[in-house]
Amino acid sequence: MSEFKCPECGYTYDEAVGDPHEGYSPGTRFENLPDDFACPDCSVRFKEDFEKA
Amino acid sequence: MKGYTATLPGGEAIYYVDRKRWFWMMSVLYPLQPLLGIWLHSTTGTQAWLLLPLFIGYVIVPLADWMIGEDTNNPPEEVVLQLDRDRYYRVLTFLVVPLHFISLIGSAWWAGTQSLSWWSFLGLAVVAGITSGLGINTGHELGHKKGRLERTLAKIVLAVPVYGHFWVEHNRGHHRDVSTPDDPASARMGENIYKFALREIPGAFFRAWAIEKDRLVRRDRSAWDADNQILQSMLLSLLLQLGLLVMFGWKMIPFLVVHNVLAWWQLTSANYIEHYGLLRAKDSNGRFERCLPHHSWNSNHVLSNLVLFHLQRHSDHHAHPLRRYQSLRHFNDLPTLPNGYFGVYLLAYVPWLWYRVMDHRLLALPHIAGDLSRVNIDPDRRDAILEKYCATGASSA
Ligand SMILES: [Zn+2]
């Protein structure tokens with residue numbers, strides 16, 4: 001399980017926790033997020049912009 | 001006066017005082033204008049006072065912007081964290097939330113209980129609507145934050161202008177697609193504001209609905225689930241407006257229709273001028289480049305910024321959407337509006353005047369330099385625009 005961080009706003013996607021409000025249950029791998037995944041907090045950085053923390 | 005100390009990278013200690021600190025209260029008080037008009041009407045008996053907020057907004061503020069001018073100062077980057085943590089600024093955005101409700105209820109009460117001439121009744125509804133439109137500005141500032149309280153307050157205040165879909169639409173839709181042809185909330189060169197409104201108002205609603213529905217589907221819920229953030233705010237709008245109807249009678253029907261249309265029109269006006277003609281380039285992978293400061297029109301005009309929680313420092317806002325209003329920056333060589341929003345709205349309402357002022361400004365921007373391939377152009381007007389500007393060989397550059 002890894003964490004991925006938005007370089008703009010610091011939002012962190014933790015695979016262990018997921019993001020239930022966004023509909024990603026705990027354990028959802030970052031690679032399995034939709035291809036057009038945008039940062040849920042700032043929306044100006046996308047899946048390919050996220051950095052592994 | 002409260003100040004912040006910090007150390008510059010060179011080791012020099014600085015002490016920074018935010019000269020605008022107390023002036024931000026103007027953003028809290030500005031939405032109370034309808035009540036000022038009502039008070040003056042009640043004490044003098046002259047109904048024309050009800051229209052005072054229109055005079056303030058569209059005559060006094062643009063004139064003051066013109067005379068006082070711009071402020072390009074930025075807080076030093078070293079104090080921004082302290083500035084962001086200072087609760088005072090945040091509390092102002094909380095305080096204004098109930099004032100939006102009070103302004104609308106007060107205006108509805110006056111319209112519903114006084115015998116007004118038709119024009120002052122209409123004027124009061126227009127004033128109330130424009131003021132509720134400012135509630136979208138309040139909801140905008142609150143809604144961009146990560147805190148639960150701020151996001152909840154955003155959805156509550158958005159009930160006043162009946163714009164419950166704004167939070168999803170703006171944060172998840174507009175910011176993602178801004179300054180691209182895909183964005184219903186970014187105006188195209190050659191598109192007048194009335195045509196834009198007919199694309200923006202439904203386009204924004206359907207985009208918000210689609211985004212929220214996607215989220216709910218991922219959660220295995222129906223689009224009509226109680227968790228739908230758009231419906232939550234809309235339900236509050238429904239209760240508020242039904243309450244006004246029950247309290248003040250049938251007069252509320254025309255009052256609220258005019259109010260709601262004007263409240264939406266405020267957002268349409270802001271959206272129209274904020275990204276007119278601007279276009280993010282596509283990179284070699286076919287992705288739009290990320291939103292940079294030159295993808296939004298900016299205004300540093302002091303007074304209108306002080307009544308709008310710095311909304312007009314829009315270039316920094318779109319590049320860094322979570323930055324708090326007190327910390328938004330000016331940059332050099334930005335696309336710059338000729339006045340504050342209220343003055344520029346008046347230009348936008350007269351399309352030939354708007355094109356006259358703005359099209360040359362747009363083409364003269366350093367990153368465009370007369371190159372129409374770098375402009376977001378209305379497809380219906382493309383041929384006419386190419387003919388007009390290519391024939392003169394990009395003389396504006
Ligand atoms: Zn982010």
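View 1. Asp220(B) follows α9(B) and has a positive phi, near 60 degrees. The model shown here and in the other views is predicted.

**View 2. Helix α9 of chain B along its length.** The helix covers residues 193-218 of chain B, 26 residues in total. From the first C-alpha of α9(B) to the last is 36 Å, which is close to the 38 Å expected at 1.5 Å a residue. At the start of α9(B), Asn192(B) places a side-chain oxygen within 2.9 Å of the backbone nitrogen of Tyr194(B).

**View 3. The contact between chain A and chain B.** Chain A contributes 20 residues to the contact and chain B contributes 17 residues. The size of an interface is often given as the accessible area lost when the parts come together. For chain A and chain B, the buried area is about 1,600 Å², with 41% of it on carbon and sulfur atoms.

**View 4. Polar and charged pairs across the interface.** Between chain A and chain B there are 6 salt bridges. One salt bridge links Glu22(A) to Arg218(B), with the closest N and O atoms 3.5 Å apart. Polar contact across the interface of chain A and chain B involves 12 residue pairs, both residues being at pLDDT 80 or more. On the side of chain A that touches chain B, 10 residues are nonpolar, 4 are polar and 6 are charged.

**View 5. The open sheet of chain A.** Three strands of chain A form an open sheet in the order β2-β1-β3, with antiparallel pairing. The edge strands are β2 (12-14) and β3 (51-52) of chain A, and each pairs on one side only. Strand β1 (residues 3-5) of chain A is joined to β3(A) by 2 bridges, and the two run antiparallel. Phe4(A) has Lys52(A) as its bridge partner in β3(A).

Terms used:
Residues numbered from 1 in each chain as written. Chains lettered and ligands numbered in written order. Predicted model: local features only at pLDDT ≥ 70, side-chain atom pairs only at ≥ 80, totals over all residues. Heavy atoms only, no water. Helix = DSSP H or I, 4+ residues; strand = E, 2+ residues; numbered from the N terminus. Expected span 1.5 Å × (residues − 1). Polar contact = N/O pair within 3.5 Å; in protein donor to acceptor, adjacent residues only side chain to side chain. Contact = heavy atoms within 4.5 Å. Buried area = accessible area lost by both parts, 1.4 Å probe. Salt bridge = Lys/Arg side-chain N within 4 Å of Asp/Glu carboxyl O. Nonpolar A, V, L, I, M, F, W, Y, C, P; charged D, E, K, R; others polar. Pairing = 2+ DSSP bridges.
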